[in-house]
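Trainee: I would like to learn how to read backbone and surface features in a model. Please take them one at a time.

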Amino acid sequence: MAKINILWVDDEIDILKPHIIFLEKKGYQVDTCNNGADAVELCETISFDIVFLDEHMPGLSGLETLNKIKSNKPNVPVVMITKSEEEFIMEEAIGNKIADYLIKPVNPNQILLSLKKNLDHTRLISEKTTSNYQQEFRNISMDLNNVNSYEEWIDVYKKLIYWELELEHINEPAMVEILESQKKEANSLFFKFIKNNYSDWINNNNAPLLSNTIFKNSILPEIEKSKGTFLVVIDNLRYDQFNILEKTITKFYKKQIEYSYFSILPTATQYARNAFFSGLMPLEMEQKLPKYWKNDTDEGGKNLFEEEFLMEHLKRLKKSLKVGFFKITNLKAGKQLVENFNSIKENDLTVLVYNFVDMLSHAKTEMEVIKELANDDKAYRSLTNSWFLNSPLLEMIQKAQTLRLKLIITTDHGTINAKIPSKVIGDKNISSNLRYKTGRSLTYEEKEVFAVKNPKDIQLPSIALNSSFIFAKEDYFFAYPNNYNHFVNYYKDTFQHGGISLEEMIIPCAIFVPK
């Protein structure tokens with residue numbers, strides 16, 4: 001292995017000879033110079049792995065030398081060493097992206113620690129992360145054997161997400177494969193849990209927060225606590241994606257509370273999001289507000305009346321709030337709302353439904369370029385984050401902070417990367433979703449679905465006499481026997497929703513207050 005090459009710049013370099021001998025005995029190659037001008041020249045001709053730079057030198061100061069080195073070699077780590085503890089020097093150095101900041105007198109072990117932190121950082125983190133996950137793997141496996149409540153499933157899922165996000169930063173394919181197998185096992189057990197408990201939940205027996213109860217029980221009390229709330233519903237947002245976006249949101253907001261709640265079945269927009277706004281299950285919507293509800297086989301958009309559902313909900317709760325409601329489905333509409341954002345400041349509640357993530361998942365099915373960019377969960381997260389960092393939504397969140405609005409971020413359901421086809425047959429009126437089906441005369445693989453013969457048992461409407469619902473388990477998706485191979489090849493490894501998985505059902509609702 002090639003030696004690590006260090007440049008140490010200090011006008012009193014001779015005094016540091018013991019430190020340099022210590023590093024050379026540890027196997028490092030150390031070049032030295034006693035002024036900034038020589039340091040800049042050396043950096044132009046030699047590729048150093050790291051530079052230790054004294055701040056206080058005659059001629060070019062440490063900060064001036066830092067600027068010149070960084071302009072030529074922006075990626076070389078520079079460790080600033082100084083006698084001064086003045087805050088403005090620290091701020092200047094940090095602003096110029098130093099790798100570390102040490103106060104004189106430094107001892108050899110401080111230097112060694114800084115080297116390891118900056119040069120062995122990736123290897124050390126990889127080794128520690130791998131070791132920690134190997135230990136946690138056993139704990140999660142034991143949890144999976146004993147989990148028996150929705151609270152425990154939320155905990156298990158969050159642990160799996162945590163390790164998924166940790167492992168994506170290291171190059172350990174074997175560990176990622178182990179985690180994927182553990183997620184698969186978890187989803188298999190979760191499917192059985194939902195199959196055994198969902199009907200009881202819907203009939204109000206020990207139910208968690210669900211799509212139709214989260215607004216009344218958790219969101220409305222937060223709206224009433226303070227003047228001005230900005231409620232953002234990002235369609236189709238999984239917990240792992242939310243965790244990535246949260247890192248940016250917390251630059252402007254402090255998270256106060258986080259609720260984990262369960263999407264109703266089907267985990268599809270027309271069911272889950274309408275239930276979120278209306279506070280009703282789909283069967284109740286069909287019965288009480290038929291002019292707003294549409295079934296799968298009805299013509300027309302299925303989510304055209306979310307604002308009306310919300311206003312009916314507030315009326316039913318006898319809540320008089322000044323509400324603004326916006327739905328963003330394209331960049332132009334997003335930019336327009338950014339420009340007019342200050343007009344919402346007098347609202348008690350401003351609701352924003354943002355459809356980008358849902359469009360992204362559907363685009364992955366339709367566009368080869370998106371299939372290349374989001375070919376797995378890691379890439380899907382990355383693409384979502386890239387969109388968010390450059391989106392009008394982030395600008396709105398910044399403006400909301402300026403207006404001192406409370407921020408609530410949530411979603412209607414998640415999504416899963418569908419991998420395994422499951423054959424289904426039905427009449428011509430069968431619904432089109434790949435993760436659930438409703439219709440008459442459904443034929444299917446019983447082990448691969450949660451079948452509900454009577455939709456009313458779980459508060460779902462029937463599209464016709466004797467129609468039933470089936471929900472795909474884990475990462476399965478439904479395919480028709482006709483043109484089977486073409487259909488399977490087209491939809492395999494695409495992100496779908498509507499069925500039963502941890503990714504689709506367990507979703508976040510976070511309350512933030514402005515910093």
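Mentor: Start with exposure: a residue is buried under 20% relative accessible area, exposed over 50%, and partly exposed in between, using a 1.4 Å probe and protein chains only. The model is predicted, so local features need pLDDT of at least 70 and side-chain atom pairs count only at pLDDT 80 or more, while totals for chains, interfaces and linings use all residues. Residues are numbered from 1 along each chain as its sequence is written, and side-chain values use heavy atoms, with hydrogens and water left out.

Trainee: Is Asn-466 buried or exposed?

Mentor: Asn-466 has a relative accessible area of 67%, so Asn-466 is exposed. Asn-466 is not a glycine, yet its phi is positive, at about 70°.

Trainee: Where does Asn-466 lie?

Mentor: Elements first: helices (H or I, at least four residues) and strands (E, at least two) are DSSP runs, numbered from the N terminus. Asn-466 sits in the loop between strand 15 (449-452) and strand 16 (468-472).

Trainee: What is the phi of Lys-318, and where is Lys-318 found?

Mentor: Lys-318, a residue other than glycine, has a positive phi near 60°. The loop that holds Lys-318 runs between helix 13 (306-316) and strand 8 (323-328). Lys-318 has 74% relative accessibility and therefore counts as exposed.

Trainee: Next, peptide bonds. Which residue is joined to Pro-105 by a cis peptide bond?

Mentor: Lys-104 is the partner, and omega is about -5°. Pro-105 belongs to the loop between strand 5 (100-103) and helix 5 (108-119). A cis bond also joins Leu-265 and Pro-266, with omega about -10°. Pro-266 is placed in the loop between strand 7 (253-262) and helix 11 (269-278).

Trainee: How many helices and strands does the protein have?

Mentor: There are 20 helices and 19 strands. The C-alpha atoms fill a box of roughly 90 × 50 × 40 Å along the principal axes. Of the 515 residues, 53% are buried.

Trainee: How should I read contacts in the protein?

Mentor: A contact means heavy atoms within 4.5 Å. Sequence separation is then used to sort the contacts: among those between residues at least 6 apart in sequence, 74% join residues at least 24 apart.

Trainee: And the surface?

Mentor: Accessible areas come from the Shrake-Rupley method with a 1.4 Å probe; for residues, only the protein chains shown count as cover. The accessible surface of the protein is about 23,800 Å², and carbon and sulfur atoms account for 49% of that surface.
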